[in-house]
Amino acid sequence: MRPHWPAAVVIAVVATACAGRTDQRVREVWGGSSQAPGREGPQRPGGRESGGEGVVDAPVLHGWARLDEVLDGAFSEAAVGTDDEAMARLAQRWCAVEPVPRNTDEGRVLVCAPDPPLQIDGHGFSLELGGAGVIGLVSQELSEAESTRLAEQALRQTERWCTHPWTDVSPPSPPTTDAPAAQLHICPVEGSALLTVGRFVSSVESELWQLSVAVIDAS
């Protein structure tokens, strides 16, 4: 099984929790439809309010501004707790369509395309919601050079959230190669959340890398 970065982040810093109830709650919210249900309650990050006299449409952000918008929402959610109900609520508000549950070694993760979408330098990002309080943005099928460049940019673009400098907690390199199989930086943010930026080899045969920017509810 190939590595799954947000889950790997969780196992390094927080205890794994069960996400099965989240899957059931999401199915109930969507009612079996592949289309996103009507949004109720707080608007999803970047969502546009519709209709209504005096209501101004929120601008749709792009690139790093859009990533920053999602992180802002993720930190707000982490501040009040990210249990299974919270993750189901986030999927309802933030996913374009019903998320796909993915089994990992550490538990179940919900994966979807965010709405509005997120692209940086032509690379799309998916939204991943984990049962252990992980809200991650993931871009796959990157070259080593692309993953390195995006990771360096992500560290610079998101460091304003950190209350302490980034800490390099990358695992040791495999003994059979000089290149690291994974790189991970982590920092605390205001409250109980942690912010991570990491990249790792997702396919050795194809020499593809994966980048993740994730918020972890460490409370």
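**Salt bridges, burial and helix packing**

Me: What makes Arg-66 and Glu-69 both count as buried?
Reply: Both Arg-66 and Glu-69 are buried, because each falls under 20% relative accessible area, where over 50% would be exposed and anything in between partly exposed (1.4 Å probe, protein chains only). The model is predicted, so local features need pLDDT of at least 70 and side-chain atom pairs count only at pLDDT 80 or more, while totals for chains, interfaces and linings use all residues. Residues are numbered from 1 along each chain as its sequence is written, and side-chain values use heavy atoms, with hydrogens and water left out.

Me: Why is the contact of Arg-66 with Glu-69 called a salt bridge?
Reply: The N to O distance between the two side chains is 2.9 Å. The term asks for a side-chain nitrogen of Lys or Arg within 4 Å of a carboxyl oxygen of Asp or Glu, so the pair of Arg-66 and Glu-69 qualifies. The structure holds 6 salt bridges.

Me: Where do Arg-66 and Glu-69 lie?
Reply: Both are in helix α3, residues 63–80, and sit 3 residues apart, about one turn of the helix. Helices (H or I, at least four residues) and strands (E, at least two) are DSSP runs, numbered from the N terminus. The protein chain has 5 helices and 9 strands.

Me: What makes Glu-77 and Arg-89 a salt bridge between distant parts of the chain?
Reply: The side chains of Glu-77 and Arg-89 meet at 2.9 Å, N to O. Glu-77 is in helix α3 and Arg-89 in helix α4 (residues 84–94), 12 residues apart.

Me: Why is α3 called roughly antiparallel to α4?
Reply: Two packed helices are described by the angle between their axes and the distance between the axes. The axes of α3 and α4 come within 12 Å and cross at roughly 155°. Angles under 35 degrees count as roughly parallel, over 145 as roughly antiparallel, 65 to 115 as roughly perpendicular and the rest as oblique, so α3 is roughly antiparallel to α4. Axes here are lines fitted to C-alpha atoms over the stretch in contact, with angles from 0 to 180 degrees between N-to-C directions.

Me: Which residues make the contact of α3 with α4?
Reply: Val-70, Gly-73, Ala-74 and Glu-77 in α3 meet Arg-89, Leu-90, Arg-93 and Trp-94 in α4, where contact means heavy atoms within 4.5 Å. By class, this contact has 4 nonpolar, 1 polar and 3 charged residues. Ala, Val, Leu, Ile, Met, Phe, Trp, Tyr, Cys and Pro count as nonpolar, Asp, Glu, Lys and Arg as charged, and the others, Gly among them, as polar.

Me: What makes α4 largely enclosed by the rest of the structure?
Reply: In α4, 9 of the 11 residues are buried, so the helix is largely enclosed. Among the buried residues are Met-87, Leu-90 and Trp-94.

Me: What makes Leu-194 count as buried, and where is its place?
Reply: Leu-194 is in strand β8, residues 193–203. Its relative accessibility is 17%, so it counts as buried. Across the protein chain, buried residues make up 47% of the 219 residues.
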